[in-house]
Amino acid sequence: MPSLALAQPLVYPETRQQEVVDDYHGVQIADPYRWLEDDTSPETKAWVQAQNAVTLPWLRAIPGREALRARLEKLWNYERSGVPWQEGGKWFFTRNSGLQNQSVLHVADRPDGPSRVLLDPNTLSADGTTSLTVVAPSRDGRFLAYGLSQAGSDWQEFRVRDIATTTDTDDLLRWIKFSGASWAPDGSGFYYSRYPQPSEGAALTEANKNQTVWFHRLGTPQAEDRLIYARPDQPDWGLHARVSDDGAYLVFTVTHGTDPRKRVFYRSLADDNAPVVELLNDFDAAYEFLDNIGSLFYFRTDLEAPRYRVIAIDITRPQREHWREIIASSEDKLEGVSVVGNQLLCEYLKDAHSEMRAHDLDGRLIRHIELPGLGTVTGFSGRRDEGETFYLFTSFTEPGAIHRFEVASGRSTPHWRPQVDFDPAAYETRQVFVTSKDGTRVPLFLAHKKGLQFDGANPCLLYGYGGFNISLTPAFSASRIAWLELGGVYAQACLRGGGEYGADWHAAGTKLRKQNVFDDFIACAEWLQREKITSAAKLAIQGGSNGGLLVGACMTQRPELFGAALPSVGVMDMLRFHRFTIGWAWKSDYGSSENSEEFKALFAYSPLHNLRPGTRYPATLVKTADHDDRVVPAHSFKFAARLQACQAEDGPPVLIRVETSAGHGAGTALAKVIEETADTWAFLTRVLDMPAAAK
């Protein structure tokens, strides 16, 4: 017998509408749910509580939901380790015993020796919602500068810990976002970036502008920090400072929103009065500072190389005619470069999976570095005078094995391999290529149980992102293993707008060309059905943040193509996104409703504005969190309210799940991740009519 919560028809909370109309270049646009943008108002809080009071009992009444939660807990309960790195003669890494809400920072005298706990974030809050964000040991190994986030917010507080005694000093820095900490060579303090203190009560919504670089001297209050660099004439610039490995220069990377193009400035640290030199100020390409040998600066750049190359600039002769190409662009994207052991260790993306090559400092190829298979590497960090480094290799079914790499010999040896309660040999991964609407070749990864029959009856989860030059590559997820165990197919699409094939691939999915991203995703959905991997009734789509926008746009454009939709922390109001926190920075990808041509493109796909009354939309579980100050929850609130009002009378469920004491995703307590995932998979078993729903 079905539970009472499932048997009764869903009755959604009443959502008040108000008369709000905006004029966009002569077009009148109603915004009846504008009041939901005020996340601190009693009315909004009551609405959230009322929605959760409908959603959570319905989800938790689904047969098999508790068994799913227990299985997820068992899958997550494995010891895992972060990639070790060294500083000041000590080795640092994170470790999680299994079900700890936050991973614990350890320190050791050698990477394979005994370690001790340096900082355990789990002791800092009762519910595990305080997370460690920035970890920066001083060069002499005496102190640790570290950042903490509360409840998933992007705001961080910086503190300092004595590494020998594991006690904190009195140093406390606030109003920090999107910043690391870079120590002075003598260990007297560190450089960091901060924003002005926001208005009272507006910390989670107010626009973040006028970032500045400061130097904090140990043992002094933040009020005495020294301003290093500010550009009040350029309030949209992001300013990020890094001390070069030789300690000779402070290198500034200057960003403009999320645009991949950068400026690079520097100043000598030999003289406190040295000027800031604007080395690269044309804003014509991406530039990533890698290292320097004296006055010779190495950069990874897409200047005249959409798939990136390495160049060297002698700052004593900075004119372009003196620049040297070190590693030329190739057919594969040069995703990242580290300088270790006097070699350039280069990660390439070949059709969205990792390959590694080692070059000498003049660019000559030394070797191809063998990897365990089709997957993704992270790590390979270090300094030019270090002879070893570590890296992690992961794939859809490889849960992150760590390897030690000897730079001179090119030899890899196993260092750490986690043990997870599943059999990877029971699953297979393959890559196919789908033809999009305009003929573009789109990579699609598929993972599923071996021997699965493709008769159109399989539940399938199609995941995508497609934005901000971010590459989607194979990676392990304990949560997704539970989906595969349910008999589901996992499909991961590499869409235009991402970074899988370099600058041109990214640009092809931005601004007036953003529709290409949705066309790519829709083409993947059609291919999955045409090849009988799944059917429309069994296909769910999922994405978060910009991926939430992807799901929202595709479900409004082609509602008949999907059985379920899972938009998470999505950008749903494309006309007002730039008005909140760091949203203005996304104009480089999206454009802005302030521009008449870009307004037309935005309005044409904005999920909130393309919902039509009486349409049968797929079963939808909208997810957001009350402390998300990246994509403010108003996007999801307004979209869910409008979707509930527009859903056909006999249409499937439209629910919104609002997590408390959580943010955009990073640092979320593991206990909350498990509960949310159990709710999500239970929702799919119910609405896709999967056998697990009857358990």
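The exercises below work through a predicted model of one protein chain, each with a solution in steps.

Residues are numbered from 1 along each chain as its sequence is written. In this predicted model, local features need pLDDT of at least 70, side-chain atom pairs count only at pLDDT 80 or more, totals for chains, interfaces and linings use all residues, and side-chain values use heavy atoms, with hydrogens and water left out.

**Exercise 1. The chain as a whole**

Task: Describe the secondary structure, the extent and the burial of the protein chain.

Solution. 
Step 1. The protein chain has 11 helices and 39 strands; helices (H or I, at least four residues) and strands (E, at least two) are DSSP runs, numbered from the N terminus.
Step 2. The radius of gyration of the protein chain is 25 Å, close to the 26 Å from the globule rule for 695 residues, so the chain is as compact as a globular protein of that length. The radius is taken over C-alpha atoms, and the globule rule is 2.2 Å times the number of residues to the power 0.38.
Step 3. The C-alpha trace spans about 75 × 55 × 55 Å along its principal axes.
Step 4. Of the 695 residues, 60% are buried. Buried means under 20% relative accessible area, exposed over 50%, and partly exposed in between (1.4 Å probe, protein chains only).
Step 5. Among contacts (heavy atoms within 4.5 Å) between residues at least 6 apart in sequence, 57% join residues at least 24 apart.

**Exercise 2. Helix α4 and strand β35**

Task: Determine how far helix α4 is enclosed, and what surrounds α4 and V489.

Solution. 
Step 1. Helix α4 covers residues 478-485, and seven of its eight residues are buried, so α4 is largely enclosed by the rest of the structure.
Step 2. The buried residues are A478, S479, R480, I481, A482, W483 and L484.
Step 3. These buried residues pack against the helices α3 (65-76) and α11 (670-687), and against β32 (427-435), β33 (441-449), β34 (460-463) and β35 (489-493).
Step 4. G487, with a positive phi near 95 degrees, follows α4.
Step 5. V489 belongs to strand β35 and is buried at a relative accessible area of 0%. Beyond its neighbours within four places in sequence, V489 has contacts that include W483 and L484, as well as C460 and I533.
Step 6. The C-alpha atoms of V489 and E19 are 45 Å apart, and the two residues are 470 residues apart along the chain.

**Exercise 3. The largest pocket**

Task: Give the volume of the largest pocket and describe its lining.

Solution. 
Step 1. On a 1 Å grid over the protein atoms alone, a pocket is an open set of points where a 1.4 Å probe fits, with protein on both sides within 12 Å along at least five of seven lines; lining residues have an atom within 4 Å of a point.
Step 2. The largest pocket has a volume of about 320 Å³. Grid points are joined across faces, edges and corners, and a volume is the space filled by probe spheres set on the points.
Step 3. Of its 19 lining residues, D259, P260, R261, H506 and A507 are the closest to the centre.
Step 4. Helix α5 (residues 503-507) gives the most to this lining, with three residues.
Step 5. The lining divides into eight nonpolar, four polar and seven charged residues. Here Ala, Val, Leu, Ile, Met, Phe, Trp, Tyr, Cys and Pro count as nonpolar, Asp, Glu, Lys and Arg as charged, and the others, Gly among them, as polar.
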